[in-house]
Amino acid sequence: MAEKNKVSRRKFLVRGGLGTVGVLAVGAYVFRNPIRRSILSMANSMEMGYMGDTDTPMIWFEVTNENNILVHSPKVEMGQGTFTSLAQMAADELDIAFEKVQVVHASTASGNIDGMSTGGSTSVSGLWQPLRELAATMREMLKNKAASKLGVSVGELTTKDGAVHHKDMVMTYAEITDGVTEWEVPDTPVLKDIKAYKYVGKPLARIDLNAKVFGEPIFGMDASMPDMLYGAVVRPTKIGAKFIKADTSKAEVMPGVVKVVLEEDFVGVVAASLQQAENAKNAIVTRWESPNGLQTKDIVALMTVGNGKTTIIQKEGSALEDTAEGLEQLEFRSPIGAHAQIEPNGVLAYVDGDRATIKISTQVIGITRKEVAKRLDFEEENVNVIPTYLGGGFGRRLHTPHAVQAAVMSKAVGKPVKYFFSRKEEFQHDMFRPPTHHVLKGKLGEDGLLENLEHHFVSGDVGNNSVLLPNPVPTILGADVGAIRGGFIQYGNVPNHRSVYWHVQLPFATSWWRSLGLLANTFAIESFMDHMAIKANKNVVDFRLAHIQDDEIGIRLKNVIKAVSDKAGYTDEVVGGKAMGMAASIDAGTPCAQVAEVSIEDNQIKVHKVTVALDPGLAVNPDQVKAQCEGCVIMGISAAMHEKMEVVDGELTPTIYGPYHMALMKHAPKEIDVVLLQGIDRPGPVGEPPLGPIGAAIANAVFRLTGRRLTEMPLSLS
């Protein structure tokens, strides 16, 4: 085989895996529903692996003069603690102290780019194998180079504490790398036994703690360059507005204005200060063509099961007829949800000749580079995207067209341009969580267990038509792989069960939102399971366990349900004015169960305690995993009990914190108790699975207190 055609084992696995999915996707298109359902089921449960260079340790690791190791991460840190786990994994295989490992964002110029972006809760699980292999390979490269410098056999060398040892001689990694310009990459060595690791599995302090406590300029909003100017972009307030024309004459002569940039798809202003740019933007008289004013009721009517295009994503046994004797049916709804992250979207761009530098808070580093290069007609290699820490992501930063706008404005003025959304723009031009509607149907058999269970649900786009899943992928799959998350029936012992997805095209942009469809789908399914358990006069824990299969994922799901029930001391009884509700879900192969302890005070729902049992597999940093669970519970309480966007006269509203209700400190439970199980010997996804059960757990507790089945989020007794 010619040298240029050689493919490493790791690259073959990556390419081969993609090829298989591609073949299956084509098969799904040809053979339609049976294969399509198999692919959708796989997409619902699988973890997306790392899609980048796993053959070049030199682009991942840098040895500093101080004998520290810099890990250039292709995944971004958006508060989830990923960098700390990566440091633990690298330190163990590199034989260096954890304190000597630093993790930084890899710019696209480094060549370390993940084609799968940052999302799906797979930063740690996706890098678990490749990062350790790369670190172990780098360790062997250092040993080989040390052997050459010392004139000894590599077999006589050992590594410890960031140095190579030979009898009474010690060479630090920094000394080994000094003056070296060429490296030979050996075959991947055998990885250490996990039991030999010093740092993996330990609750070590976060490596980004000091930077955040002391306010170091690590976020996108902090980015700066010499001679930097400021940009602003004119945006419509109405849904579906199309740009017709603009009168920029007044703005062009306003104080501080350097240039008004008029493009076919946007109008921007570049000025000496942010305020001057905003003032000039507001002075531009813009004409938009927009449809008649939509209202929330129009969206609710549109988002109803029966509308749109349907795909059966799961089918076992016979369908349940609407006229069946003993039929039970409930309907559930969830509202439009905003990301509402604390740092609005923004970017700093500098186009200098045929090169561009982009500093940005983004989850899609490679895609951002590609979009900027395409718009400027540059080679991708001439666009360097430098990621920053994210002041909250939650899927909002999987969409970065503002990078293109800033680059165009920078090219027009020949200087760096910094451009950030206002809070109003961030709310009105979010990529929202789509509203949903669910119809749950069920029938009990003579033994008090379910004979039939069906889930029909409607949603707008989540993954479909996004930069990650552009057409024709959605057309081939038939269902939105984001909207269906959590939408499958996880109770395989129900003889007849099915899940049916309805897709409706909304008039405003919707896309990825933390946990995707999981929160709404689990709210509906687990509330209905609670309803059916009560109809059967059975304990809700035992009722769920009886319907779960004894395969690997089923056993893990059973174990988290048992663990959370035991830890919380679950009871169906109301005790001291408080009641418990429980719910469980599986997301991306990670089972989670929760028990919420709730009371009613002044006709308001109050959550006192939430117990969480999660099986993430191997917890690289258990404290970090527990923190993720706590964060998901708080975010889930906020989404399930408070958050809701409305459509009023064709505009999305509210447009500011406060009117957009979110959970406050007083709404947080006084205690969140987390139990971790290890059902598999590798890390699984963590960042989103704990968001699934909380809405249903709270609603189920409320039913025990009031006898009312709350079927619409945000949950309210009024």
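**Stop one: helix α14 and what follows**

Select Asn537, which follows α14 and has a positive phi, near 60°. The model is predicted, so local features need pLDDT of at least 70 and side-chain atom pairs count only at pLDDT 80 or more, while totals for chains, interfaces and linings use all residues. Residues are numbered from 1 along each chain as its sequence is written, and side-chain values use heavy atoms, with hydrogens and water left out.

Next, select residues 518-535, which form helix α14. Helices (H or I, at least four residues) are DSSP runs numbered from the N terminus. The 18 residues of α14 should span 26 Å at 1.5 Å a residue, and its end C-alpha atoms, 25 Å apart, agree with this. The expected span is 1.5 Å times one less than the number of residues. Of the 18 residues in α14, 16 are buried (under 20% relative accessible area, with a 1.4 Å probe and protein chains only).

**Stop two: helix α4**

Move to residues 123-150, helix α4. Just after α4, select Gly151, where phi is positive, about 70°.

**Stop three: two cysteines**

Finally, select Cys592 and Cys629. Their sulfurs are 6.0 Å apart, too far for a bond; a disulfide requires a pair of cysteine sulfur atoms within 2.5 Å. Cys592 is buried, at 0% relative accessibility, and Cys629 is buried with a relative accessible area of 0%. The count of disulfides is zero.

Conventions:
Helix = DSSP H or I, 4+ residues; strand = E, 2+ residues; numbered from the N terminus. Buried < 20%, exposed > 50% of the residue type's maximum accessible area, 1.4 Å probe, protein only.
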